[in-house]
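Take a look at the sequence and the structure below. Then follow the report from one part of the fold to the next.

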Amino acid sequence: MSDSKSYDILFKIVFVGLSKVGKSAIVSRYVDNMFSMRNQTIHPEFHVRNVVVDNIKVSLQIWDQGGCDRYMNLGNLFYRNAKGVFMVFDICKRDSFEYCQSWFDTTTRSVNKYNGFKPEKCVYYLIGNKTDLALDRQVTIEEAEQFSKSNNIKYLETSAKEATGLILFESITRDMLLKHTEMEPTSSISLMYSKSNSTASYLSTCC
Ligand SMILES: Nc1nc2c(ncn2[C@@H]2O[C@H](COP(=O)(O)OP(=O)(O)O)[C@@H](O)[C@H]2O)c(=O)[nH]1
Ligand SMILES: [Mg+2]
């Protein structure tokens, strides 16, 4: 007999940030455990990966802004129902960090505009990617943490290339559950690859 309900709760997460910071690479590493040195996104798309957190089946719908990177206002379709936002910069590209305040202001405005729930129901993370290139670092951990502190969000670093820091997905899932369920905080989180993991283009005309 098949279990008709494949998940208990669905969370939409969106990735924002300047072009080439590695948003698609992080998603690709997490969803397919793959990495390519080529730019990964041509069309915007979303991916689905299921995780289990303390016996709660969570379906993560992960939206990658794709070729719309140069526009901060990505519109209703992109932001509607977003419960988590990853704002990514490249630790070796100072300008990609300096854009983050604008990204944050624009994204919070859009999330608030397009969602019925209160703004504090959305979880924001700042992500510094490409730590494998730390010798060329142009943004210190301290200043990224300072930015996060002043905007009341979390900061994590990743390398999509070396598959480090992917705890960010577990971490945001836990934070979203805490905001959207009565779940008590616990320390264990287990992940499973779902047979129904999938990728889909959601929009071909946003740019
Ligand atoms: N060295 C290194 N290169 C990366 C990393 N993540 C992404 N890249 C490269 O950076 C470029 C842009 O990545 P992409 O995911 O397309 O960036 P996006 O435009 O933000 O989606 C590609 O050449 C990737 O291979 C990383 O962690 N380390
Ligand atoms: Mg991309």
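This is a predicted model: local features need pLDDT of at least 70, side-chain atom pairs count only at pLDDT 80 or more; totals for chains, interfaces and linings use all residues.

Helix 5 itself has a buried side. A144, F147 and S148 are buried there. They share one side of helix 5 because they cover an arc of only 95° around its axis. The face turned away from the buried side of helix 5 carries exposed residues: E142, E143, Q146, K149 and S150. What do the buried residues of helix 5 pack against? Their partners are helix 3, helix 4, strand 5 and strand 6 (154-158).

Helix 4 covers residues 100-114, 15 residues in all. From first C-alpha to last, helix 4 reaches 20 Å, close to the 21 Å expected at 1.5 Å a residue. Its buried residues are C100, T107, S110 and V111. They lie on the same side of helix 4, because they cover an arc of only 100° around the axis. S102, D105 and K113 are exposed, on the face of helix 4 turned away from its buried side. The cover over the buried residues of helix 4 includes strand 1 (9-16), strand 4 (82-90) and helix 5 (141-151).

| Pair | Bridges | Direction | Opposite residues |
|---|---|---|---|
| Strand 2 (residues 45-53) and strand 3 | Nine | Antiparallel | E45 and D64 |

Strand 2 and strand 3 also form a hairpin, with two residues between them. D54 sits in that turn, with a positive phi of about 45°. In a regular strand the side chains alternate between the two faces of the sheet.

Last, the core. How many residues does the largest nonpolar core have? The count is 45. I13, V14, V85, F86, M87, V88 and Y125 have the most contacts inside this core. Strand 4 gives the most to the core, with six residues.

M87 links several of these parts. Leaving out residues up to four places away in sequence, M87 touches V16, G17, C100, W103, F104, T107, Y124, Y125, L126 and I127. Two of the residues on that list, C100 and T107, are among the buried residues of helix 4.

Methods. Residues are numbered from 1 along each chain as its sequence is written. Chains are lettered from A and ligands numbered from 1 in the order in which they are written. Helices (H or I, at least four residues) and strands (E, at least two) are DSSP runs, numbered from the N terminus. The expected span of a helix is 1.5 Å times one less than its number of residues. A residue is buried if 20 or more other C-beta atoms lie within 10 Å of its own, exposed if 12 or fewer, and partly exposed in between; C-beta atoms are placed from the backbone. The arc is that of the directions from the helix axis to the C-beta atoms. Two residues are in contact if their C-beta atoms, placed from the backbone, lie within 7 Å. Two strands pair if DSSP finds at least two bridges between them. A nonpolar core is a set of buried Ala, Val, Leu, Ile, Met, Phe, Trp, Tyr and Cys residues joined through C-beta atoms within 7 Å.
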